[in-house]
Structures are given as structure tokens and as C-alpha cells.
Amino acid sequence: MGIKIIANNKRATYDYFVRETYEAGLSLRGSEVKGLWAGKAQISQAFVVIDGSNEAWAHNMGIPHYEFANRQNHPEMRPRKLLLHKKEILKIKERCQKEDLTIIVLKVYFKKSYVKMEIALAKGKKKHDKRQAMREKEGRQKIRDA
């Protein structure tokens, strides 16, 4: 029942105010899962889009090729379908439209034998918000070190 984290988006909390998080499954091909077992995925620029047929898709998520899959390999940057309940998708879509939020990817991990993704509804930070967060972080580090 352990969780093995594959990729963590450290930049997300610097660039966004995270409002609410969700756990979603990923619909993947076999070579993609093998590539993830190698522990390599790129999610720093990943985001989620809900299309007109109310399906959630992760874009800009890079999963490298699995070297032994040769002909059956997958495109590295293809959109990947997220597995969420219809009620969750509609709730997320409504909040994004109403509050002008973005859906970002926080981390990708294995839970049991399933590949899961933690997504978040987030609001982008302005430049002055980022500077304030840096000052607070430096202050906490000084207190901790003293």
C-alpha cells in the first residue's frame, strides 16, 4: 500500500496559490508505465484541460521512451487522459470558470500498482507575491538555523 513518488512539481507552489487538490488516475500505455518505473517523468510545465465532452487531459507531461519497447514506444509529450468521476470533473470545470483558476499537476506517483496524479486548482501568483514568499522562506530559514 506504499506510495512511490515518480515526479514532484516543486515550482508549482512558487508560481501558484494552491486552492484544492484532487487525486486522479492516468490512462497510460504499457511502455509509458515501464518508463515511469524507471523513475523519470517531466511535469514542471504540465497542466490539465477539460474538453467539451467533459474529459480531463494532462498536457505537457513528458514520459521518456522505454528503451526496450522499440517499435511499440509511445510519443513522449502526448496528451494523457485523467480518470476522474464525472461529478468531480464537472465540479472542477465549474470552479475554474467561476473563479478563473488553473489546473496544475503537483506530482505523479505509484499507489499500489496504479499510476496516480495529484492535480490542484490554483491561482497564479504575481511578481510581488513571489517576492513576499521568498522573504518569508528566508526568515524561516534564519530562525531555524539560529
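## The largest pocket

The largest pocket in this predicted model has a volume of about 150 Å³. A pocket here is an open set of points on a 1 Å grid over the protein atoms alone, where a 1.4 Å probe fits and protein lies on both sides within 12 Å along at least five of seven lines. The volume is the space filled by probe spheres set on those points, which are joined across faces, edges and corners.

Who lines the largest pocket? Asn9, Arg11, Ala12, Asp15, Tyr16, Ser44, Gln45, Ala46, Phe47, Ile104 and Val105 do, where a lining residue has an atom within 4 Å of a point. Sorted by class, that's six nonpolar, three polar and two charged residues. For this count, Ala, Val, Leu, Ile, Met, Phe, Trp, Tyr, Cys and Pro are nonpolar, Asp, Glu, Lys and Arg are charged, and the others, Gly among them, are polar. Helix H1 (12-15) and strand E6 each supply at least two residues of the lining.

## The overall layout

The protein has four helices and seven strands, running β-α-β-α-β-β-β-α-β-β-α from the N terminus. Helices (H or I, at least four residues) and strands (E, at least two) are DSSP runs, numbered from the N terminus.

Of the 146 residues, 33% count as buried, meaning under 20% relative accessible area with a 1.4 Å probe and protein chains only (exposed is over 50%, partly exposed in between).

## Helix H3, one face in and one face out

Helix H3 covers residues 86-99, and its buried residues are Ile89, Ile92 and Cys96. Seen down the axis of H3, these buried residues fall within an arc of 65°, so they line one face of the helix. That arc is taken from the directions from the helix axis to the C-beta atoms. An α-helix has 3.6 residues a turn, so residues three or four places apart point the same way.

The buried residues of H3 pack against E2 (16-26), E3 (47-50), E4 (56-59), E6 (102-111) and E7 (114-124); contact means heavy atoms within 4.5 Å. On the other side of H3, you'll find Lys87, Gln97 and Lys98 exposed.

## A buried arginine

Arg78 sits in the loop between E4 and E5 (80-83). Is Arg78 buried or exposed? Arg78 is buried, with a relative accessible area of 17%. Beyond its neighbours within four places in sequence, Arg78 is in contact with Ser27, Leu28, Arg29, Glu32, Ala58 and Met61.

## About the model

Residues are numbered from 1 along each chain as its sequence is written, and side-chain values use heavy atoms, with hydrogens and water left out. As the model is predicted, local features need pLDDT of at least 70 and side-chain atom pairs count only at pLDDT 80 or more, while totals for chains, interfaces and linings use all residues.

Notes: Expected span 1.5 Å × (residues − 1).
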